[in-house]
Amino acid sequence: MKNLAKFCAIGAFALMCYSCGNSGGSDSSQAAKDSNANKMDSTGVGTTTATPSIPPSVSKADQQFSVDAADAGMTEVQAGQMAQQKGMAKDVKEYGAMMVKDHTAAADKLKTIAASKNITLPSAISTDMQKNLDDLQKKEGKDFDKAYIGMMVSDHKKVISKFEDESKNGSDADIRGFADSTLHTLRHHLDEAEKCNKMMKKM
């Protein structure tokens with residue numbers, strides 16, 4: 001028992017050090033995925049102490065999509081807020097406002113669905129996404145506008161691909177429905193970003 005207690009103490013300390021050394025959004029996204037994995041493996045249904053399980057209808061791909069969609073959505077909102085503050089062109093500021101409005105609405109829908117399925121979503125942006133935002137923050141004027149719109153074109157192409165896959169192959173009807181119903185908005189975002197991108201190249 002002493003050895004077991006010692007091992008647990010060492011493990012807890014190592015985990016604490018890892019968390020401190022990797023503070024940031026990646027911990028939040030990974031913690032969400034780990035939490036979901038535990039809830040998908042959870043047994044003990046009917047006991048009051050068991051961790052609430054994720055329904056069988058939700059596949060691992062569904063919960064991964066949910067976490068990634070939440071991460072991307074938070075990124076778009078923060079980038080949109082930045083565009084409203086730092087954007088030089090009127091179109092860029094207006095695009096940023098649209099991002100904040102639409103992605104906040106989508107995030108609220110996803111949170112409601114996730115809560116009903118016992119899916120844990122990240123509370124902070126992942127390290128990779130945060131790095132993109134940090135790089136964007138350093139830019140000013142026309143350089144910012146071009147970088148922001150370029151980021152929106154690239155990000156929405158990636159996100160649309162994931163949403164299309166979930167809308168076709170998702171196991172859970174509610175999550176699949178969310179992906180399908182959000183695609184129209186995402187495609188509109190991409191179209192508008194590409195229009196802005198073409199205009200900027202002519203300037």
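**View 1. Helices that line the largest pocket of the predicted model.** Four helices, namely α2 (25-41), α3, α5 (127-137) and α6 (141-169), each contribute at least two residues to the lining of the largest pocket, as seen in this predicted model. The space inside the largest pocket comes to about 400 Å³. Its lining is made up of 20 residues, and those closest to the centre of the pocket are D71, A72, S126, M129 and K162. When the lining residues of the largest pocket are sorted by class, eight are charged, while six are nonpolar and six are polar.

**View 2. The second largest pocket and its lining.** For the second largest pocket the volume is about 290 Å³, and 22 residues form its lining. Nearest to the centre of this second pocket lie A69, A70, G73, M74 and A107. The lining of the second largest pocket counts 14 nonpolar residues, together with five polar and three charged ones.

**View 3. The packing of helix α3 against helix α4.** Helix α3, which covers residues 60-86, packs with helix α4, which covers residues 90-116, at an angle of about 150°, and the two axes are 7 Å apart. Because angles over 145 degrees count as roughly antiparallel, α3 and α4 are described as roughly antiparallel to each other. The crossing that the pair α3 and α4 makes is left-handed. On the α3 side the contact includes S66, A69, A70, G73, E76, V77 and G80, and on the α4 side it includes V92, K93, G96, A97, M99 and V100. Further along, Q81, A83, Q84 and Q85 of α3 also take part, as do H103, T104 and L110 of α4. Taken by class, the contact between α3 and α4 has nine nonpolar residues, nine polar residues and two charged residues.

**View 4. The packing of helix α5 against helix α6.** The helices α5 and α6 pack at an angle of about 160°, and their axes are 9 Å apart. With such an angle, α5 is therefore roughly antiparallel to α6. The residues that meet are N132, L133 and L136 from α5 and F144, A147, Y148 and M151 from α6. In this contact of α5 with α6 there are six nonpolar residues and one polar residue, and no charged residues are found.

Key: Residues numbered from 1 in each chain as written. Predicted model: local features only at pLDDT ≥ 70, side-chain atom pairs only at ≥ 80, totals over all residues. Heavy atoms only, no water. Axes fitted to C-alpha atoms, helices over the stretch in contact; angles between N-to-C directions. Parallel < 35°, antiparallel > 145°, perpendicular 65-115°, else oblique. Left-handed = near helix turned anticlockwise from the far one by under 90°. Contact = heavy atoms within 4.5 Å. Nonpolar A, V, L, I, M, F, W, Y, C, P; charged D, E, K, R; others polar. 1 Å grid on protein atoms, 1.4 Å probe; cavity = no way out; pocket = protein on both sides within 12 Å on 5 of 7 lines; lining within 4 Å. Points joined across faces, edges and corners; volume = space filled by probe spheres on them.
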